[in-house]
Amino acid sequence: MSPLYLRGQRWQVSSRLGGPEIVQSKEKASSETESEVEAKKQALVDLYRQMYLIRQFEEVCGEMYTRGLVRGFLHLYIGEEAIAVGAISQLQSHDYIVTHYRDHGHAIARGLDTNKIMAELFGRTGGLSKGKGGSMHLFDAEKGFMGGHAIVGGQFPLAAGLALSHQYRKTDGVCVVFFGDGSTNQGTYHEVMNLAAVWKLPILFFLENNLYGMGSRFDRVRAGGEDFYPGAATYGIDQAAVVDGMDVLAVQEATKLALESIRAGNGPAFIEAKTFRFQGHSMADPVKYRESSETAAWEKRDPITTFPQQLLDQKLVTEEELEEIQASVDAEVAESVKFAEDSPFPPDEELFTDIYA
Amino acid sequence: MTEITFRQALQRGLREALDADPDVFLMGEDIGKYDGAYAVTQGLLEKYGPERIRDTPISEAAFVGAGVGAAVAGLRPVVELMSMSFSLVASDQIVNMAAKIRYMSGGQVKVPMVLRAPTGGGVQLAATHSQSFENWYASVPGLKVVTPSNPYDALGLLRSSIEDDNPIIFAENALLYGTRGEVPDEEFRVPIGVADVKRAGTDITLVGWAHGVVTLLDAADKLAETGVSAEVIDLRTLRPLDMDTVIASVEKTGRALVLDENWRTGGLGSEIAAEIGYRSSDYLDGPVARVGGTDTPAPYSRQLEQLGIPQTKWVIDEIEKTYGL
């Protein structure tokens, strides 16, 4: 059950499959053709594939870090995949995405090449940014993926400017900015919420509330309560919702409604997704600040296991089909490691390039 | 040629850029309805409308960073800060975003943005409103820093800056806004990164920028009265820094003085003096002479404030002390 608050009304997404607007079983879809039903089914299966790809990719990232092939800071998104996949599935190609340093999930959901992502993590020439950005700063401008940003809250103003460019050019494009609960205590969060509201910028504020800013649980650093989305109204952003971030279809539905509102010219919208990162803040985190029982409770709601189970229960997919997907994803991830290992380190000259245009 | 003020030159540069390119727009605090805190943008809202002349909330980090975002998307924002001192509030966006996003993306994006700001002291605004952080920004790879000293350069450099594909800190010393100078009636550009020999001489090279050039030209006049021929070099931009022009002059005159109106310690004057010493020691008749602002916060009281700002006499005295001229 995922309560949604949009346009001042209380919305209920009545089933874990997100309600009849999203999918209809073959029995109910009398007005739909066979191919329409098949397309909807394929879209659901694709959501699973993407979530599984992100999970598998990051499990391997962790291994590569342990083997010393990936260095620096590595922040895994494991547990939060339903958000990136659900939200980004609703975007159009001319929309922009700006995110934080836990960015692999958003990058993969946007369709960035996993070979290039892995090569970037390896610091190789074949990486998205030729190895200059690393895990925290994934970029693919052609896909409107405008970074991974590693100063907490630093990405808000950039997102406002990208949204402003759409408004200035009178397109229906949107900028989605992903951020965590920790960043809501930065000044830029409040400044940009106000700026976006007063200029009616086409921007979707997407809070991934995983309850912890590094080792600090939200209630140790915030007196405003467990829900963040009501705060949007104080800036004049009345399009605000909270969704279950472990439910990819709830996220999808909320994002769809928010984007419709933004594209209609109503200005910014705000979605808070409740979620949890199953692992530490980064690979360096021994996770001493929370009980393992809290993690275990969230792991029971892991979208990587619960979502395919629902697909199976509704006979939208077979065990064999799921196994095929997993095998194909595992091969893709293995290929990304091979690509990264085969890619050369950048030549010395690269130190001095890309400083000025 | 027409004689106009530094402020008028900037406004003409903005109008020419707005007329030339629909992707150019302005944003900043009170640049529209209020006509600009220093009146540089006077009348622009009326002519170009609120889409292109955008009044912002008092949120420097937000609107400077929004400028970066708009620039990354291919627009050409000219962002105005009411004071260079206020850039500290936006310094993360300037140093970590504007200057880095191209490099960190492996060259996938560029940032054609100009950040204009009045800078410097001397008008009794006290310690937090009288600073010149263009000195600091000049040490950041990825930024360009432009520091005009007169209306001609202000106009020509502003046009070049708005047409440049990189983030530019455009520092306008507030003491210069009312100063006058001749500018051509037709459009022109002054290239970024090229110093200007403002006055030719044979006995000593005086190096400065922005309002410091006014002081150096005054000093050169005084020196001429005692038979000393001073060459005055206006750096015009602090990054890129045209050291070749400086070195060529020093190797001709054999003497050098560097004037940095900001704090003497750790500023760009230190860098320039060190580089002259490093590159031209065989040509120098003595150590590189230095004049800088006192290492103090700027006080409000005029008597005290003037004690901290380099004056012509400081330059004359320093030359006599170092070289006996």
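These are legends for close-up views of a predicted model.

**View 1**
Which of its residues are buried? They are B:His211, B:Gly212, B:Val213, B:Thr215, B:Leu216, B:Ala219, B:Ala220 and B:Leu223. An α-helix has 3.6 residues a turn, so residues three or four places apart point the same way. After α8(B) comes B:Gly227, with a positive phi near 85°.

**View 2. Strand β4 of chain A beside strand β3 of chain A.**
Strand β4(A) takes in residues 145–149, and five of its five residues are buried. Its partner in this view is β3(A), residues 96–100. The two strands run parallel and are joined by three bridges. To find your way around, pick out A:His100: its bridge partner in β4(A) is A:His149.

**View 3. Helices α1 and α10 of chain A, packed together.**
Two packed helices are described by the angle between their axes and the distance between the axes. For α1(A) (residues 34–66) and α10(A) (residues 303–313), the angle is about 160° and the axes are 10 Å apart. Angles over 145 degrees count as roughly antiparallel, so that is what α1(A) is to α10(A). Their crossing is left-handed. On the α1(A) side, the contact is made by A:Leu44, A:Tyr48, A:Met51, A:Tyr52 and A:Arg55. Facing them from α10(A) are A:Pro303, A:Ile304, A:Phe307, A:Pro308 and A:Leu311.

**View 4. An open sheet of seven strands in chain B.**
Strands of a sheet pair through backbone hydrogen bonds, either parallel or antiparallel. In this sheet the pairing is mixed, and the strand order is β3-β2-β4-β5-β7-β6-β12. Which strands sit at the edges? They are β3 (53–55) and β12 (237–239) of chain B, each pairing on one side only. Ignoring direction, neighbouring strands are turned by 20° against each other on average.

**View 5. Strands β2 and β3 of chain B, side by side.**
Now for the β3(B) edge of that sheet. Strand β2(B), residues 24–28, runs parallel to β3(B), with three bridges joining the pair. Look for B:Gly28, which stands opposite B:Asp55 in β3(B).

Key: Residues are numbered from 1 along each chain as its sequence is written. Chains are lettered from A and ligands numbered from 1 in the order in which they are written. This is a predicted model: local features need pLDDT of at least 70, side-chain atom pairs count only at pLDDT 80 or more; totals for chains, interfaces and linings use all residues. A residue is buried if 20 or more other C-beta atoms lie within 10 Å of its own, exposed if 12 or fewer, and partly exposed in between; C-beta atoms are placed from the backbone. Helices (H or I, at least four residues) and strands (E, at least two) are DSSP runs, numbered from the N terminus. Two strands pair if DSSP finds at least two bridges between them. Axes are lines fitted to C-alpha atoms, for helices over the stretch in contact, and angles run from 0 to 180 degrees between N-to-C directions. Angles under 35 degrees count as roughly parallel, over 145 as roughly antiparallel, 65 to 115 as roughly perpendicular and the rest as oblique. A crossing is left-handed if the near helix is turned anticlockwise from the far one by less than a right angle, and right-handed if clockwise. Two residues are in contact if their C-beta atoms, placed from the backbone, lie within 7 Å.
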